[in-house]
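Let's take a walk through a protein model together and look at how its side chains meet. Please have the sequence and the 3D view ready.

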Protein chains: 2
Amino acid sequence: PEKLKAEVVKIARNTKKIGEDDPRRVIHSFKVGLALTLVSLLYYFQPVYNSFGISAMWAVMTVVVVFEFSVGATLGKGINRGLATLAAGGLGVGAHHLASISGKIGEPILIGLFVFLLAAAATFIRFFPKVKARYDYGLLIFILTFSLVCVSGFRNDEILELAHQRLSTVLIGATACVIVSIFVCPVWAGQDLHNLVSLNLETLGSILEGFGDEYFRTSESEDGKDDKSFLQAYKNVLNSKTSEETLANFAKWEPRHGHFMYCHPWNQYLKIGTLTRQCAYQIEALNGHLNSKIQVMPKISEHFQEICIKMSLESGKALKDLAFAIKTMAEPCSVDPHIKNSKTASKSLQSLLELDLWEDLNLLEVIPVATVASLLSDIVVCTEKIAESVHE
Amino acid sequence: PEKLKAEVVKIARNTKKIGEDDPRRVIHSFKVGLALTLVSLLYYFQPVYNSFGISAMWAVMTVVVVFEFSVGATLGKGINRGLATLAAGGLGVGAHHLASISGKIGEPILIGLFVFLLAAAATFIRFFPKVKARYDYGLLIFILTFSLVCVSGFRNDEILELAHQRLSTVLIGATACVIVSIFVCPVWAGQDLHNLVSLNLETLGSILEGFGDEYFRTSESEDGKDDKSFLQAYKNVLNSKTSEETLANFAKWEPRHGHFMYCHPWNQYLKIGTLTRQCAYQIEALNGHLNSKIQVMPKISEHFQEICIKMSLESGKALKDLAFAIKTMAEPCSVDPHIKNSKTASKSLQSLLELDLWEDLNLLEVIPVATVASLLSDIVVCTEKIAESVHE
């Protein structure tokens, strides 16, 4: 009983956390309930029931299956489902007619053949990457509707009636989903993508801002705790590719909303995202040096400290400004001076290395700092590329 | 017409490529067609049709929706669908009974309330990461079946009959899927995961093996083409996290097959995968140096060349041996000498740097090589960790 209680408390805490992390999840749950209850009302109205009969359940099914977290995903699924049902319904009626004029024996064979060929072809088409990204669900529904119309038509003579009923109920369900998802606290995938890209840039920016100080004052270990949450944050950036692509796919379905036009350049976000990840890989490499905690000789660090801190601080600030510019969709005018500064620092690093200060130094002690410095100057280059991308 | 022809040729070529990349896709398409045609036969047999009636279409639906590329995914979806239908059917009948004893006015209100609450609760539970990974589909079907049974029960007095029919047809469809997917050219997610992890290690291994030579002989640019395909290969490793996790989730559903037991330690693969990616991040950093093509002074490179080539070659060989050991599931006995060699090389790098050979050298020219060397020694550490993981 004690164990059970602990388990229940743990689950409750978990539930609360998931709700608090993103309150839109709670709202989404109620939206699904709402849409489903709305459509269920169809059953209660006698006239509607009479005209649709048992087909009314397709409306319920459509709501359950189509309703997704973001508007884009819901719209995409709804449109896919509607169009696929229409196309497959038409084809199914045609195939059924063709089969029915071929006699008693030919009919089941022909229908079996049609179903087999169409299912195989559509399944194969689903492997095309571009199709998979946007029309996967539509092809699934296409196979489904075609088989149902074809096969059930074998028994049912009112096949046109069935196709028509199925189509109308699917449309009712899909419309209910889309309306609830757009008008009740909408969750826009485009907005999410926008926020994600800008947040990722900001995360990297603040890591870089803090990195210089952190690295050259490794003795003060009191900041250890902050560092851990930093670490986790940029690990998420490393693996953000899939979620960015999914969001961009959803966003392409969305109509104009907020500051976004219908043909907002979503692919540009993916490009910025790729560059951001490249920058994050460099930071991953830097991070290894932060953890190794080699005591840097004061004599060496005095040469490098200023330049390195400047490089990381300025490129961090540039990234943060870029993030802010993306967020507010303004021209990133305050970024250029930061990038200029970081490039100056990177150049002075070059000239510092060319000086002949190093004769009496142990190379083993210079190397770690120098590596960090060269990684930082790679980051400066990366930052510049991101800035160019954002300007576009 | 010319343009159209070019388009058609392009699509045909694309189709051929997708089929050739993985011939299992073609087989999979035919398997779906086969399973669907098998289940459609249900409609042709009069006695079966009489006992199931219109419910027989659930079998067709189940096949279309449940049949996935790998056995694990199909089994997972099938089990999810079966159990969820059973649970939701039971609950739905109970809810309907409760509502029906509460009078004419109370009935629709109660049913609406039940549907709303259950749909909202189940939708929220789908956000739990662990649930989402394995039982997402089950919860979807749970909401679906519960609403259908509840709502349609409002009209239909033979509600038990309906629930029973739906359950049996779903079971028939799911069984057909599972049988076809297991016995006709099965695609095991576990095997795929196994191959993917070992392939990723091998890719990194061959990049490392080639890296040393490539870097120190940058003048011979004839290898440029090979390098590009290399590059693409390890980029895939960087973003392999999602596909590895998906495969591991599917693999957990699979029964014993081939060399794999039922409780094969799939999570160990994820651990190795994470370490592999860490190693790939280092290679990404190395790759930047390969592209920058700074001419290395012969005087400097003569010091570093041997050690660097040895480090990269030996760690590359170690990774390849580990990949082979994973593939054949043998103890990786030939790995240890390679790791030992690479560690020796890494140590001699340390002592090389400690020597005072460097007084008359320009530091700017040493730094790139030294950075590469230090990245390589990071990789050596990484390789060792991977080896430990594989031993487990």
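Does A:Phe124 count as buried or exposed? This is a predicted model, and in it A:Phe124 counts as buried, at 11% relative accessibility.

**Aromatic rings**

Over all chains, the structure holds 10 aromatic pairs.

B:Tyr135 belongs to helix α7 of chain B, while B:Trp253 sits in the loop between α11 (241-251) and α12 (266-292), so the pair ties together parts that are 118 residues apart in sequence. With a relative accessible area of 16%, B:Trp253 is buried, whereas B:Tyr135 counts as partly exposed at 39%.

In chain A, A:Lys77 lies over the face of A:Tyr137, at 4.7 Å from the ring centre. Ring pairs also link A:Phe69 with B:Phe124, B:Phe127 and B:Phe128 into a cluster.

**Salt bridges**

Side chains of opposite charge can pair when their charged atoms come close. The structure holds 16 salt bridges over all chains, and the table shows some of them.

| Salt bridge | N to O distance |
|---|---|
| A:Asp136 and A:Arg126 | 2.9 Å |
| B:Arg24 and B:Asp192 | 3.0 Å |
| B:Asp136 and B:Lys132 | 3.8 Å |

What does the pair of B:Arg24 and B:Asp192 tie together? B:Arg24 lies in helix α2 (residues 24-44) of chain B and B:Asp192 in helix α9 (residues 189-216), so the pair ties together parts that are 168 residues apart in sequence. B:Arg24 is partly exposed, with a relative accessible area of 28%, while B:Asp192 counts as buried at 18%.

B:Asp136 and B:Lys132 are four residues apart in helix α7 (residues 129-153) of chain B, and therefore about one helical turn separates them. B:Lys132 counts as partly exposed, at 44% relative accessibility. In chain A, salt bridges that share partners join A:Asp22, A:Arg24 and A:Asp192 into one network.

**An enclosed helix**

Finally, find helix α4 (residues 56-66) of chain B: 11 of its 11 residues are buried, so the helix is largely enclosed by the rest of the structure. Among them are B:Trp58, B:Met61 and B:Thr62.

Notes
Residues numbered from 1 in each chain as written. Chains lettered and ligands numbered in written order. Predicted model: local features only at pLDDT ≥ 70, side-chain atom pairs only at ≥ 80, totals over all residues. Heavy atoms only, no water. Buried < 20%, exposed > 50% of the residue type's maximum accessible area, 1.4 Å probe, protein only. Helix = DSSP H or I, 4+ residues; strand = E, 2+ residues; numbered from the N terminus. Salt bridge = Lys/Arg side-chain N within 4 Å of Asp/Glu carboxyl O. Phe/Tyr/Trp six-rings, centres within 6.5 Å; stacked < 30°, edge-to-face > 60°. Lys NZ or Arg CZ within 6 Å of the ring centre and 35° of its normal.
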